[in-house]
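Please examine the structure shown below. The paragraphs after it lead from the parts of one chain to a contact between chains.

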Amino acid sequence: MGLIFAQLLTGLANAATLFLVASGLSLIFGVTRIVNFAHGSFYMLGAFIGYSLMQVLPGMFGFWSSVLLAGLAVGVIGVIVEMLVLRPVYKAPELFQLVATFGVILVIQDLALLTWGPDDVLGPRAPGLKGIVRIMGEPVPKYDLALIAITPFVLFILWYLISKTRIGILVRAATQDREMVGALGVNQAWLFTGVFFLGATLAGLGGAIQLPKGGADLLMDFNILAAIFVVVVIGGMGSLPGAYVAAVLISVLNVFGVTYIPQSTLVLMFVVMAIVLLIKPYGLFGREEVAGEHGQVGEPERPIKPAGTRGRVIVGGLLVILAMVPFFGSNFAQVLITDIIIFALFAASLHFILGLGGLVSFGHAAFFGSGAYVAALLVSHAESPMEIAFLLAPLGAGGAAIIIGWLCMRLTGVYFAMLTLAFAQLIWSLVYQWGEFTGGDDGLVDIWPAAWLNGTTPYYYFTLLFGIGGILLLRHVAHTPFGYALRASRDSVRQAEATGINTKRIQWAAFAFAGAVAGLSGALFVFSKGSVFPTELELAKSFDALIVIFLGGVKTLAGGVVGGASLEFAKDFITRFEYWRLLLGLLIIFVVILAPEGIVGASRKLGERFGFVDDGEGRR
Amino acid sequence: MIKVNNINSFYGKAHILNDLSFDIASGEVVAMLGRNGAGKTTTMKSIMQLVRPKTGTVSFKELEVSRMAPHQVAKLGLGYVPEERRIFTDLTILENLEVGRQPPRKDAPEWSVDILFELFPNLHERRNNRGKTLSGGEQQMLTIARTLMGNPLCLLLDEPSEGIAPVIVEQMAKTILELKKQGLTVLLSEQNLHFARMVADRAIIIEGGEKRFDDTFARLEAQPEIMEAYLSV
Amino acid sequence: MSDVLEVKNLSKSFGGIQAVKDVSFSVKKGELLAMIGPNGAGKSTCFNMLMGQLKPTKGEVYFEGQNLIGRPTREIWRMGIGRTFQITGTYTSMTVVENVQMALISHHRRTMSILPYAHKMYKPKAMELLELVGMQDQAERHCAILAYGDLKRLELAIALCHDPSLLLMDEPTAGMAPTERIKLMQLTADIVKNKNISVLFTEHDMDVVFAHSHRIMVLNRGELMANGSADEIRNDPRVQEVYLGGGSLFEEAEIQA
């Protein structure tokens, strides 16, 4: 009994950080509609800055001032990010901003590395709260009790601010209709900046306040990201009490999980989330999300037509050149092009559901990884021939997509995106923690292609065949009734349903199809590298694909392929530098600001201006 | 009070307003008439700078507003009442009014929640209800009341009679005449000629983003060919 | 004349509030039936229940003898009911003709097909429908840049693609100029006459209602308050009180002018 109570207290204490960071994320999303991927980075900065301040400010007063100052400092950093990076792209197509925030993650990672070095730092213990107290015979750290007391207090202040003050009313009004708030005389630019300040400050406070329990390291930005997304989704978007309850729920379950089922601690959180969402699709305290009628930005896509003669000739020419590469190119060039094609196929498969279907998936890497792991597991456990494994990989990934798709299809918009993220993390944690079967962190090695494909050049042609084949298949399907029905379901669910189209079934099938194609790219990947590690299933991999689609252009058919090829190529070049993340992050931010329609969209606009391309109205 | 000078506004690629110019004097109620898609809403939005005219200028009280942000224009005393009743449905009526509140202004009538509740008694009864529980007519009243909380000198009313029942339309007309009595300048866009004639001093007809008529209703009625061509009466 | 649609005791309550109370009526073959009433009277709720978007608390709806209640929207459509929306819902990323082709593809149950090119399917039939509503010249235009009145006509073409025997039109002329209103309703009236389709529509514009409906129903606070010919409705004192108003507005205007 005493032990259980003590664990409950530990869970409540752990919830403090989670709540602070998650409520910030929720606030920022509510008002700006930006899913701020950089929120984990704000949290990390809070921890590092707090640590540095605690080195100079002594005593109990110094400790708590450091926590506060760290929060405020991160708030200011948030304001800088908002003003420099996000303000120029508020008018860009929906979700485009999240690519910018991803650029910010990369920049902050390298800046933190530059400032604090690569080593983890151990947080100082809070002066005056160093010992433990015994509650029912069990030791409970005094600091935990302080955290338990502080959190409801913060919750109350935030709740009061949002529901009782004029600023809170304005924030809630802006959540619904930003343009209207502006037309009523409220400077929404500053309202946004203010909310960003508040959200970032909360993240910074969260980072600093957990120092005595966890310290600071360079991985903590990504490590907390999935958890706070889960908290926000379980609690319900935009609900502060929801965020608190969910933070407590997750933290308490986690503490008990570590004690009783240590093998599945990572999985537990996502299982809870899946269960909650299956029962209450909009979270415990959330209300149904009505896609903002006045929040929609960007012009609708142009009609599409299969490539004309000129397009076919260009693509054919390109293929001939690619086929010739082994005759004049180096071994390295072949490996690089293999990598590029595999990634472009992966990106194109995500583009299929995102661009044509409007289904934003944050967890598409799950299917890439599933394909890779299905092939690798078949080879290493069942000793199946490479050909069989290669064929079964897309089917396995497609099967996973059918199941996950069925569960996620109940939701729309950001909830859908978050749920895909959660399931992707679920698969990742399964692979990561089920070491005896999947090899865990050590991955699976020695997965080589069959003898007739061994060697760079044969495998290069193999990739060319299946990679380009897959991309062309995706393009073809886009022009068929199925592709059209998918677009119809995105453009107007109401009209589609009223004319007999089963929109959910179409979207589900598209999700499964895209998953299978991602699995194909995963299978191509694993045999080209000879090994696979859990990193292929990580969030970062999913984000990579998202970024290239936005960079390539969501609203263009070629966006996925062009973006995927460009990023993979750029990465190969940039990663040779020591601080390549900084460089890549800045590059991404620049593209986002300069070409909000993506590379393909921007080139088409340029082409139209100079008269190379038809503008869709018959004019040149 | 308002001077629109040769503005050209675009929506994406579509050229909506074409060298449009007109003036509105202080205390006047002017109705902008024309069919759907003629450019009435875009004109309103161009004055508010919610749509930025590519060329031409808009001035308000002799002050050029063409490069200002919408909130700055609103702060000068221009009150915008959008079509489609864009109230904040998750906020209560009182909170909706609070969003519109701005400090009083010397040269304009001052409004308060209490005065507005006298003007719109329906809203008073339901002051603590969320916006989404209101009927269409009540929502339209709330949009106007919310804008009045900013103590504007001039109101831009976009299609105030659209989509509401005839009985409420009558109430709406009375409200606008009351506002005129208080000294407000009003520019409203309408498709309902009867309604417009009832409340406005002057008519401006817009067609294809260009001004086709700008004079009193008496003169308009003396020219049936214009009425027929642009208003299809 | 036989009944195409028969509605019996249709009721809906939202959390204790009765939005629609025991509404019963029928639509006859070839009839243009208007449903009018103040905002919040329950017109949209009625429509949404007929199209399967809302589940009634109580009541039955028979279309050509088959019960509609409990079926999803798309199935009701397949039974032969077409629909147009108050706010148009077209596929903005497609061309005009592709919008119609999409509905035809769905009608022929080919939406899961991944072999043929969609933009080549059922094109003659789609062009025929566009011609019917006078949109054939704009067939290849991008739907996103159409004028509002044209979108309404396009929606009508889409609604006609499976030869429905009943059309439900929710405020078909909302947001249109007076001439366009008359034109669109005239077009609708001609089409339904030629094809012997019945129409149930809601409308706020009394000119349209009085000029184009064979019969008018008045809904007030969720209840059917009157049901009769244009003259009967116009002269019904209760209808004047809750909806049409005393006409004082227009008289006053006349005096001023």
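In this predicted model, the domain assignment divides chain A into domain 1, covering residues 2-227, and domain 2, covering residues 312-609. The C-alpha centres of domain 1 and domain 2 of chain A are 33 Å apart. The two domains touch, with 22 residues from domain 1 of chain A and 23 residues from domain 2 of chain A taking part in the contact. On the side of domain 1 of chain A that touches domain 2 of chain A, helices α4 (96-116) and α10 (220-235) of chain A each contribute at least two residues. The largest share of this side, 11 residues, belongs to α4(A). By class, this side of domain 1 comprises 19 nonpolar, 2 polar and 1 charged residues.

Chain A also contains a pair of packed helices, α11 (residues 240-260) and α12 (residues 265-279), at an angle of about 145° and with axes 9 Å apart. The crossing of α11(A) and α12(A) is right-handed. In this contact, A:Leu249, A:Ile250, A:Leu253, A:Asn254, A:Gly257 and A:Val258 of α11(A) meet A:Thr265, A:Leu268, A:Met269 and A:Val272 of α12(A). These residues comprise 7 nonpolar, 3 polar and no charged.

Note on methods. Residues numbered from 1 in each chain as written. Chains lettered and ligands numbered in written order. Predicted model: local features only at pLDDT ≥ 70, side-chain atom pairs only at ≥ 80, totals over all residues. Axes fitted to C-alpha atoms, helices over the stretch in contact; angles between N-to-C directions. Helix = DSSP H or I, 4+ residues; strand = E, 2+ residues; numbered from the N terminus. Left-handed = near helix turned anticlockwise from the far one by under 90°. Contact = placed C-beta atoms within 7 Å. Nonpolar A, V, L, I, M, F, W, Y, C, P; charged D, E, K, R; others polar. Domains from an automatic or database assignment.
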